[in-house]
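Please open the structure in your viewer and keep the selection tool at hand.

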Amino acid sequence: MGAFFALGLFQGAVYGLLAVGIVLVYKAKRVFNFAQGEFGGVAAFCAFGLTVALGLPYWVGVVGGLAAAVAMGLVVERVVVRPLESSSRTIMLVALVGVALFAVAVTVLAAEPVPRVMPPIVEGGTVDILGAGILPQQLILLAVLAVLAAAMAWFFKTDLGLAVLASSQDLRAAQVVGISPTAVSRLVWGLAALLGGIAGLLYAPVGIFTPGFMTFTMLVPAFAAAVLGGMTSLPGAFIGGLAIGVVQNLGIYLLGQQLAVPGAAELGVFALLMLVLLIRPQGLFGKAV
Amino acid sequence: MTTATLVLTRVRIRGRLGLVLRVVLVLAALALVAYPLFYGGDVWAQRISRAAIYAVIGLSINTLTGHAGQISLGHQAFVGIGAFSAAFMASQLAAPLGFGLAAAALAGTVTALLVGMVALRVTGLYLTLVTLAFGLTAETTIFNWREFTGGGAGAFAPRPALVETDFAYAVLCLGVLALVLYVDWRLVSTKTGRALAAVRNNEDIAATLGVNVTGYKLGAFCFSGLVAGLAGGLFAYWNQVVQALDFEFQVALVWVLMTVVGGLRSRLGVIIASSFFALLPLTLPNFLSGLPWQPPFLNEAVYHVLPPFIVVVMLLLVLRFFPGGIGQLLAPVTRRGGPKGAKR
């Protein structure tokens with residue numbers, strides 16, 4: 001059981017990292033960003049192409065992958081988000097689902113849908129934590145999550161972050177005091193894509209990865225993490241991510257291994273999401289709605 | 001493209017000419033279905049059934065997204081639960097087809113009620129997240145529950161003698177589609193439709209007008225679940241075997257996008273888009289492998305990913321250039337006395 005706890009904690013780090021990006025976009029735009037996972041997927045595939053297929057050094061792959069993610073974020077902002085600025089959030093959400101599906105389809109068309117193995121940043125054996133074998137890559141992932149969640153929390157205290165919050169609350173008033181809505185929009189989507197790219201690059205080497213791996217398996221727990229954390233709270237995203245990872249793995253242990261219920265991980269996440277909305281819809285750190 | 005659309009939608013067709021045009025359009029649409037149904041043999045009868053089932057699913061999503069402004073990304077779960085319920089009734093209890101379809105509709109409604117009661121209490125689009133998580137849970141847990149779904153082998157749903165032929169079954173599917181269309185029309189043109197429009201446009205204002213916001217959202221979601229379950233029941237008897245594989249996550253995304261491409265709140269547009277995406281996976285591989293020149297990258301995996309790719313490209317074009325979807329393009333002919341401006 002301790003091993004499942006530790007596994008869950010480290011699995012939760014990637015949910016937390018995606019949730020940080022989701023919270024950023026939600027704070028700025030009040031929309032659920034369904035494309036967040038695919039920023040990571042695109043980054044992972046570009047990095048894989050550069051390092052493994054072309055044999056370039058690892059850091060080139062990292063830089064190239066992150067650049068591809070940010071480029072995708074900016075293109076999505078220009079082509080999809082900005083033209084739909086005046087439409088309802090329902091339509092915006094449908095469009096973002098479309099973006100995620102588009103990215104998955106392009107990845108399948110461009111690269112064969114076969115499982116791939118991305119080399120980790122640090123080679124080496126597993127570390128024993130509570131009886132679970134944890135890869136060095138997963139330790140790095142958790143550390144990066146802590147740093148980035150803190151950095152984003154700090155970002156919203158700076159003038160730039162306050163400008164983002166101001167345009168989210170009242171676009172016209174923000175414009176009057178000299179905040180460019182276009183610049184804010186670009187900043188938010190570029191930053192969100194960068195966060196998504198980091199998540200994808202760090203998580204891809206943990207196991208094997210296939211086209212759409214970030215969207216089809218990671219995105220739902222990440223949304224659950226953001227909701228649990230309160231949708232607008234960055235410490236909430238951090239803690240929510242780890243909590244979802246733990247709940248998922250305890251679900252696998254208690255329901256899957258002890259009671260042989262199929263799909264215990266998904267069931268655990270769904271049950272937790274329902275519980276949060278039932279008991280405390282504002283999440284752990286959110287303001288009451 | 002934008003200008004062409006604008007010109008088209010500004011054309012006003014009034015009076016007798018408009019009536020004649022509408023009659024001609026309806027007759028042409030019926031002929032388009034009737035010709036392959038009568039002369040296309042079993043293959044086309046099966047395809048028309050599939051198109052009708054997809055159209056029912058599209059209308060189900062249209063109720064939720066078009067009328068109530070909420071999104072479900074887990075509709076494959078409702079359709080799947082309907083399908084497995086119908087198959088359970090047919091194979092385990094040997095119940096008649098009517099009971100199977102009723103059980104499918106009931107299962108869809110109850111599931112939607114349970115999920116919606118929790119998710120729709122909160123303002124915003126939380127239903128999207130909950131249905132997404134629910135869809136994955138249904139896929140991995142409920143559909144793998146051996147006693148209910150028969151595990152990997154699937155559950156069987158043999159057709160009764162009356163609708164055993166593909167032709168008779170297609171007529172049944174079209175009949176159900178007509179019924180759903182009628183209910184949808186009555187729903188929109190009564191108090192319920194106006195209340196839903198108020199909720200969709202602004203929940204706070206709707207509440208001040210005395211509209212029970214949560215109640216109407218929940219009602220719309222339950223009706224959507226009912227219709228989705230019914231479509232699942234039709235699917236079960238259509239395919240005669242139901243497997244968990246038929247209801248993967250990606251299918252639900254394609255359904256939502258196809259409904260938006262068809263045009264939210266446009267019944268005809270939704271039916272056209274749904275039929276198109278129902279037939280695309282069946283006809284596309286034949287069409288591509290029949291081409292004189294074979295692009296080297298074509299293979300099974302590409303066939304699988306092409307329909308979602310096409311629906312997304314169409315979605316982005318639609319949202320950018322004519323947000324009312326196919327329904328907006330049809331507006332000059334379908335709306336007498338000129339179009340009501342396309343609303344996003």
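Helices (H or I, at least four residues) and strands (E, at least two) are DSSP runs, numbered from the N terminus. This is a predicted model, in which local features need pLDDT of at least 70, side-chain atom pairs count only at pLDDT 80 or more, and totals for chains, interfaces and linings use all residues. Residues are numbered from 1 along each chain as its sequence is written, while chains are lettered from A and ligands numbered from 1 in the order in which they are written.

**Chain B as a whole**

Select chain B, which has 15 helices and 2 strands. A residue is called buried if 20 or more other C-beta atoms lie within 10 Å of its own, exposed if 12 or fewer, and partly exposed in between, with C-beta atoms placed from the backbone. Of the 344 residues in chain B, 49% are buried. Two residues are in contact if their C-beta atoms, placed from the backbone, lie within 7 Å. Among the contacts in chain B with a separation of 6 or more, 78% join residues 24 or more positions apart.

**The side that touches chain A**

Now display both chains. Here 39 residues of chain B are in contact with 38 residues of chain A. On the chain B side, helices H5 (97-119), H6 (126-140), H12 (249-262) and H14 (300-321) each supply at least two residues. The residues of this side comprise 28 nonpolar, 8 polar and 3 charged; Ala, Val, Leu, Ile, Met, Phe, Trp, Tyr, Cys and Pro count as nonpolar, Asp, Glu, Lys and Arg as charged, and the others, Gly among them, as polar.

**A helix pair across the chains**

Select helix H4 (residues 89-110) of chain A together with H12(B). They pack at an angle of about 125°, with their axes 10 Å apart. Axes are lines fitted to C-alpha atoms, for helices over the stretch in contact, and angles run from 0 to 180 degrees between N-to-C directions. Why are H4(A) and H12(B) described as oblique to each other? Angles under 35 degrees count as roughly parallel, over 145 as roughly antiparallel, 65 to 115 as roughly perpendicular and the rest as oblique; the angle of about 125° therefore makes H4(A) and H12(B) oblique. At this meeting place, A:Val94, A:Val97, A:Gly98 and A:Leu101 face B:Leu253, B:Val256, B:Leu257 and B:Val260. By class, the contact has 7 nonpolar, 1 polar and no charged residues.

Return to chain B and select helix H11 (residues 213-239). The expected span of a helix is 1.5 Å times one less than its number of residues. For the 27 residues of H11(B) this gives 39 Å, and the end C-alpha atoms are 39 Å apart, which agrees. H11(B) is mostly covered, as 24 of its 27 residues are buried.

Next comes B:Gln240, in the loop between H11 and strand S2 (241-242) of chain B. Phi of B:Gln240 is near 65°, a positive value in a residue other than glycine. B:Gln240 is partly exposed because 15 other C-beta atoms lie within 10 Å.

**Two last residues**

Select B:Ala94, in the loop between helix H4 (75-91) and H5 of chain B. The phi of B:Ala94 is also positive, near 50°. Is B:Ala94 buried or exposed? B:Ala94 is exposed, because 9 other C-beta atoms lie within 10 Å.

Finish at B:Leu177 in helix H8 (residues 166-188) of chain B. With 24 other C-beta atoms within 10 Å, B:Leu177 is buried. Leaving aside neighbours within four places in sequence, B:Leu177 is in contact with B:Ala52, B:Ala55 and B:Val56.
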